[in-house]
Amino acid sequence: MAHNEFNMLKKLLVELDDVRNDIYLHIDKKVKNVDEKQFLACVRYSKIFFVKKRSIYWGTLSIVKCEIGMLEEATKGNYNYYHLVSGVDFPLKSQDFIHNYLDDKNLEFIEHYKDGDSGRFFMEKIKYYYPLLKYVGKADNEGPGFRKKIQRKLAYWQTNIKEFQEKHKVDRTKKYKDITFYKGNQWFSITHDFACFVLSMKRQVLKMYWLTDGADEFFIPTLAMNSGFADRVSNNSLRSIDWIRGTPYEYSLDDLTELEKSDAFFARKISYERNPDLVDGLVKYIHGC
């Protein structure tokens, strides 16, 4: 899934280019005048499939719809594993390492935790409705300008709507008494049969997470841990994502040694525009140069 940093995306495609891989690429519909040929030129061995474009809005159900749409297309290929990555991810291992590691595995690599674990609480994101989230975005609304002013006003009303629901004891999770909700980062590496299970639950998922805050971080972990797949879920998404230093933190050249020592398969997030030396350093590390 990509929406910007296309030079970084091209570097990513080069590293994923392998006869064992097919790549399903979604470019945000809001991005105009994208020349798909520039991405096709990055690969010699992999096939690239361009998935139907959707307009993606932070934290909204649009992300879930996009992920489901990508899985609907990709599962037609009946692959062993499906890896969801963003356009600003980058591998930390070689393709040989990744394929050899997963060759005899039958695990779902999905980060998950329950409400209250390690002091992390999230149920209010699911209990209440967030009708203005599409317009409020990531709450980055400080500063001058009419657009920022409107976003601040919408954020104010979103808070009022939430407080109204709290006051009147709205809790839409009551209808799901048999479900324990889980949260994690949205990025995953999953098997074909679990991917098909996700698609079989499409209707229920879209209904359950309508107007949820951050549905993309709930639906995969919750599906996995409330199903027959729970006993083969590894609480490890194989991603290096730092939520302590940022939201998430953007890795720089100073972090090269840390990333080289990581057990993760991918790092998120990296900007080639701001940190080309980090990307070049990781390429050398991956290929043993």
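How many bridges join β10 to strand β11 (residues 266–268)? Here are my notes, starting with that pair.

1. **The pair β10 and β11.** Three bridges join these strands, which run parallel. Ser240 has Ala267 of β11 as its bridge partner. Strands here are DSSP runs (E, at least two residues), helices are runs of H or I with at least four residues, and both are numbered from the N terminus. Two strands pair if DSSP finds at least two bridges between them.

2. **What you are looking at.** This is a predicted model, in which local features need pLDDT of at least 70 and side-chain atom pairs count only at pLDDT 80 or more, while totals for chains, interfaces and linings use all residues. Residues are numbered from 1 along each chain as its sequence is written, and side-chain values use heavy atoms, with hydrogens and water left out.

3. **The sheet.** An open sheet is formed by three strands in the order β4-β11-β10, with mixed pairing. β4 (89–91) and β10 (239–241) are the edge strands, each with a single partner, so one side of each has no neighbour in the sheet. On average, neighbouring strands of this sheet are turned by 25° against each other, direction ignored.

4. **Helix α1 and its surroundings.** α1 lies across β4 and β11 and runs at about 30° to β4. Helix α1 (residues 6–16) also packs with helix α12 (residues 276–286), at an angle of about 5° and with the axes 12 Å apart. Axes are lines fitted to C-alpha atoms, for helices over the stretch in contact, and angles run from 0 to 180 degrees between N-to-C directions.

5. **Who meets whom.** From α1, Met8, Lys11 and Glu15 meet Val279, Asp280, Val283 and Ile286 of α12, where contact means heavy atoms within 4.5 Å. The residues of this contact divide into four nonpolar, no polar and three charged. In these classes, Ala, Val, Leu, Ile, Met, Phe, Trp, Tyr, Cys and Pro are nonpolar, Asp, Glu, Lys and Arg are charged, and the others, Gly among them, are polar.

6. **An open pocket.** The second largest pocket has a volume of about 820 Å³. Its lining has 32 residues, with Asn21, Asp22, Tyr81, Tyr82 and His83 nearest its centre. At least two lining residues come from each of α1, β1 (22–25), α3 (61–74), β3 (81–83) and α4 (95–102). By class, the lining divides into 20 nonpolar, seven polar and five charged residues. A pocket is an open set of points on a 1 Å grid over the protein atoms alone, with protein on both sides within 12 Å along at least five of seven lines; lining residues have an atom within 4 Å of a point, and a cavity is a set where a 1.4 Å probe fits but cannot get out.

7. The whole structure has one cavity of 30 Å³ or more. The largest cavity has a volume of about 40 Å³, and the residues lining it include Trp187, Phe188 and Asp216.

8. **Backbone points to check.** The peptide bond from Thr247 to Pro248 is cis, with omega near -5°; Pro248 is in the loop between β10 and α11 (256–260). The bond from Arg268 to Lys269 is also cis, with omega near 5°, and Lys269 lies in the loop between β11 and α12. Glu5, in the segment before α1, has a positive phi near 50°. Most residues other than glycine have a negative phi, and most peptide bonds are trans.

Key: Points joined across faces, edges and corners; volume = space filled by probe spheres on them.
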